[in-house]
Amino acid sequence: MSLSPAQVFATLNAVRPLDQPSPSIDKAVVLGGSVAGLLAARALAEHAQSVVVIDRDDLHVPGRRPGVPQGTQLHALLPGGFLQLERLFPGFGRQAVAQGAVEAPPEARRSYLDGRLKVVVPGDADSLAGSRPLLEGLIRQQVLRLPNVKTITARATGLVFDGAVTSGVRYEVGGTAGTENADLVVDAMGRSSRLSDWLEQAGWERPEMRRMSVHLNYATALFRRRADKPQHTVVLALNSPRTSAAVAGAAFFAIEDGRWMAMMAGYADNRPGRTPEDFVRRLREFPPEFHEVADSELLGDVQTYRHADSRRRDFHKLSCFPAGLVPVGDAVASFNPVYGQGITAAALHAACLSTYLRAGPDLRQPAREFLALQQVVVDAAWSMSTSADLALPHVDGPYPRGYRFSRWVSRQIVDATVTDIATARRFNDVVSLCEHPNALARPEVILGALRANLRAR
């Protein structure tokens with residue numbers, strides 16, 4: 001019997017490592033040492049005698065990776081993602097704090113919507129604040145210390161097929177070609193994944209790619225932090241399109257080494273904070289907490305980044321797909337980063353892989369069960385991010401059927417999160433990918449949001 005989307009989310013968010021590894025695969029190969037690739041390797045390590053991660057970067061070198069151009073930008077670890085990492089790596093939060101990450105319990109997080117302070121949700125899950133290199137580096141340490149995981153520093157160049165089954169990968173090191181045999185190959189090569197090209201070249205179908213142009217412009221800067229234990233660890237301030245066309249929002253996190261990491265984002269031709277003077281000036285336009293950061297010493301240059309579009313490759317729609325192959329992470333779907341879904345979605349893809357392998361599948365058959373689980377996760381994250389993007393003035397569709405009504409309902413729920421604890425709790429669970437978005441479509445949730453908004457008038 002197939003599971004409902006809500007049941008799939010409940011199942012994936014309950015996945016925990018096996019008490020004892022249960023090897024049923026000789027060798028698995030992961031293409032890409034991204035967060036998605038590392039988390040897939042963690043899931044595979046319970047089921048494979050050997051897991052090989054191939055990446056152009058030397059994954060044993062600490063610090064920021066050249067293959068992550070957005071690594072200098074602010075990254076949010078949603079509470080749902082933190083829970084997933086804590087389950088995959090027991091004690092992850094404690095170790096992250098020991099390396100400099102800053103704890104972010106609910107009372108240390110503040111959120112504003114159009115300048116209005118949102119309620120703090122009692123009992124909401126904890127999270128962490130830290131730079132992308134710190135969090136990714138800790139994940140990498142945890143995975144690479146597993147005895148059956150090894151790495152190859154190389155450029156993946158293609159797949160090897162044995163009839164309808166993927167049997168290995170080709171790679172190149174310093175002009176020398178090599179091949180790694182595999183019983184299961186995982187594509188975690190990110191937005192620029194070449195898997196679609198490789199499939200087409202080998203005579204397979206090419207998946208459709210959907211794009212949502214958002215033209216997001218990021219600017220991130222570091223400031224010296226005076227307090228070792230600041231009162232507020234994470235502060236977010238979002239502007240809806242109806243209130244600000246220039247700056248979509250700003251945020252700052254307390255991160256390692258006694259620093260604040262602050263970010264501003266704009267869309268289309270709006271590129272706030274490209275110079276230090278403009279960055280500091282615009283920070284002062286946000287709520288009072290931002291003024292403390294603006295008054296602090298700026299460390300280094302302002303780093304900018306541009307995200308042209310969100311992308312989705314619909315592998316699940318292919319009528320023919322080779323066995324022994326699964327894609328994960330941004331290779332399947334990458335979202336507007338302003339919503340902070342990336343790491344959490346990658347963790348859920350790893351949970352999909354773990355759930356699929358625990359069922360003892362025949363790897364000589366296409367991984368349809370995995371793709372079906374993953375589709376539920378991708379559909380949820382994609383619908384949330386793109387429905388919000390469609391409200392932007394410069395985004396011109398395509399609009400799904402019933403968009404105007406669903407957008408009105410969404411606005412009522414979002415507005416209610418400012419004042420109503422029950423609505424805020426349910427909304428936080430959904431945006432953290434702990435619950436499926438259908439949870440917000442229940443009549444009692446919508447009516448509760450409407451009543452809260454009437455009381456707030």
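## Contacts, helix packing and salt bridges

Leaving aside neighbours within four places in sequence, Leu134 is in contact (heavy atoms within 4.5 Å) with Ala96, Gln99, Gly100, Ala101 and Glu256. This is a predicted model, in which local features need pLDDT of at least 70 and side-chain atom pairs count only at pLDDT 80 or more, while totals for chains, interfaces and linings use all residues. Residues are numbered from 1 along each chain as its sequence is written, and side-chain values use heavy atoms, with hydrogens and water left out.

Leu134 and Ala96 are 38 residues apart in sequence, yet their C-alpha atoms are 7.8 Å apart in space. Leu134 sits in helix H5. Helices here are DSSP runs of H or I with at least four residues, numbered from the N terminus. Leu134 is buried, at 10% relative accessible area. Buried means under 20% relative accessible area, exposed means over 50%, and partly exposed lies in between (1.4 Å probe, protein chains only).

**Helix packing**

Helix H2 (residues 35-44) packs against helix H9 (residues 342-358) at about 25°, with axes 9 Å apart. That makes H2 roughly parallel to H9. Axes are lines fitted to C-alpha atoms over the stretch in contact, and angles run from 0 to 180 degrees between N-to-C directions. Angles under 35 degrees count as roughly parallel, over 145 as roughly antiparallel, 65 to 115 as roughly perpendicular, and the rest as oblique.

On the H2 side, Val35, Ala36, Leu39, Ala40, Ala43 and Leu44 meet H9 residues, including Ile343, Ala346 and Leu357. The residues of this contact of H2 with H9 divide into 12 nonpolar, one polar and no charged. Ala, Val, Leu, Ile, Met, Phe, Trp, Tyr, Cys and Pro count as nonpolar, Asp, Glu, Lys and Arg as charged, and the others, Gly among them, as polar.

H2 also packs with H5 (residues 132-144): the axes come within 10 Å and cross at roughly 25°. H2 and H5 are therefore roughly parallel to each other. Their crossing is left-handed. Val35, Leu38, Leu39, Ala41 and Arg42 in H2 meet Arg132, Glu136, Ile139, Arg140 and Val143 in H5. The residues of the contact of H2 with H5 divide into six nonpolar, no polar and four charged.

Helix H3 (residues 79-88) is mostly covered, with seven of its 10 residues buried. Among them are Phe82, Leu85 and Leu88.

**Salt bridges**

The whole structure holds 26 salt bridges. Each is a side-chain nitrogen of Lys or Arg within 4 Å of a carboxyl oxygen of Asp or Glu. Three are listed here.

| Pair | Closest N to O |
|---|---|
| Asp314 and Lys317 | 3.7 Å |
| Arg455 and Asp420 | 3.5 Å |

Arg455 lies in helix H13 (residues 443-456) and Asp420 in the loop between helix H11 (403-416) and helix H12 (421-431), so this pair ties together parts that are 35 residues apart in sequence. Arg455 is exposed, at 58% relative accessibility. Asp420 is buried, at 14%.

Asp314 is buried at 1% relative accessibility, and Arg312 is buried at 3%. Arg210, Arg312, Asp314, Lys317 and Asp379 are linked in a network of salt bridges.

How values were computed:
Helix = DSSP H or I, 4+ residues; strand = E, 2+ residues; numbered from the N terminus. Left-handed = near helix turned anticlockwise from the far one by under 90°.
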